[in-house]
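Welcome! Here is a friendly walk through a protein model, taken one topic at a time.

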Amino acid sequence: MATCPDCTTGCLLNGEPTGIISTQGAYFAQAPGNYSLAIRLNCDVWIPDYFAGRPFMSADDMALPPPAGAMTAISRWIRFILIVIRGIPGLIRNRNSVVDERLAKFIHTIQEERKYKKIGAVGYCFGGAAAIRAGSTDLIHTAVVCHPGRFTLDQVKAIKIPTSWVCAQEDMFFSDSFRNKVEAEFAQRKDGESFIDYEFQNLGTTHGFAIRPNLANPELKESYQKAFEQTVGWFNKTLVI
């Protein structure tokens, strides 16, 4: 869950949602339609409600993130701690075990209703860690993991599906040394029965850039667009073939 100031920073992206809120409480963009990811892949896109309508913080709590290379100011940590204290009940009711059960139920429901042959997941930050955990189950068939939140190497070792990793230059959860260990885990499976397709792309900037960047910043905008294209390319390769 929220464990650093990056969880409380970001920008709201421009544009009007053109999908619908489904009976499962999830955002649903049906293909074909005028939806960026759905139309590019010609497949349905769902955004599940991780927090059952009660996130630990609101959009009004968001602040602009600092540029890459900037030190985290003490004031950012103080602000973050105050938000977390206020949101403790939300953190408890949305702990990983609860969210994982919620997501499993959601996936089973849409699978039963829609009869999908394959399901892919793209997760950002908290959702990236959720996608890693789901990668060890039979719920999904491929995943894109964007600057994930806290996870362990043992969880990586349990992944059994093709996985694409969108990495940030500065990321306290996914440092260069940890990323090297994760990539080495996939590489050592080569030529073995447990081998799965994978890729790692370091797109620069800071944690969170692929989901809520400040598009007025050219560097962030470019990295955001590259992350989107990486997601489309990976799913074209492993999901909609």
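## A pair within one helix

Arg179 and Asp176 sit 3 residues apart in helix 7, so about one helical turn separates them. In this predicted model, the two form a salt bridge, and their closest N and O atoms are 2.5 Å apart.

## Bridges across the chain

The structure holds 7 salt bridges. One of them joins Asp100 to Arg133, with 2.7 Å between the closest N and O atoms. Asp100 belongs to helix 4 and Arg133 to helix 5, so this pair ties together parts that are 33 residues apart in sequence. Asp100 is partly exposed, with a relative accessible area of 24%, while Arg133 counts as buried at 13%.

Another salt bridge brings together the side chains of Lys237 and Asp197, at 2.9 Å from N to O. Here too, distant parts of the chain are linked: Lys237 is in helix 8 (residues 218–238), and Asp197 is in the loop between helix 7 and strand 7 (198–202), 40 residues away. Both partners are partly exposed: Lys237 has a relative accessible area of 43%, and Asp197 has 27%.

In soluble globular proteins, nonpolar side chains tend to be buried together. The largest nonpolar core in this model has 29 residues, and Ile140, Phe151, Trp165, Phe174, Val182 and Phe186 touch the most other members. At least two residues each come from helix 4 (96–114), helix 5 (126–134), strand 5 (142–146), strand 6 (163–167) and helix 7 (176–187). Helix 4 supplies the largest share, 4 residues.

A second, separate core has 21 residues, including Phe209, Ala210, Trp234 and Phe235.

## Outside: a nonpolar patch

Which residues form a nonpolar patch on the surface? They are Ile74, Trp77, Ile78, Ile81, Leu82, Ile85, Ile88, Ile92 and Met172, with about 900 Å² of accessible area together. Helix 2 (74–86) and helix 3 (88–93) each give two or more residues to the patch, and helix 2 gives the most, with 6. Leu82, in helix 2, is exposed, with a relative accessible area of 53%.

## The annotated domain

An unreviewed UniProt entry places the feature "domain: Dienelactone hydrolase" at residues 93–238. Over that stretch the chain is 46% helix and 14% strand, and its end C-alpha atoms are 34 Å apart.

Conventions: Residues are numbered from 1 along each chain as its sequence is written. This is a predicted model: local features need pLDDT of at least 70, side-chain atom pairs count only at pLDDT 80 or more; totals for chains, interfaces and linings use all residues. Side-chain values use heavy atoms; hydrogens and water are left out. Patches are made of residues with over 30% relative accessible area and no salt bridge: like charges are joined within 9 Å, nonpolar side chains (Val, Leu, Ile, Met, Phe, Trp, Tyr) within 5 Å. Accessible areas come from the Shrake-Rupley method with a 1.4 Å probe; for residues, only the protein chains shown count as cover. A salt bridge is a side-chain nitrogen of Lys or Arg within 4 Å of a carboxyl oxygen of Asp or Glu. Buried means under 20% relative accessible area, exposed over 50%, partly exposed in between (1.4 Å probe, protein chains only). UniProt positions are given in the numbering used here, feature names are shortened, and annotations may be inferred rather than shown by experiment. A nonpolar core is a set of buried Ala, Val, Leu, Ile, Met, Phe, Trp, Tyr and Cys residues joined through side-chain atoms within 4.5 Å.
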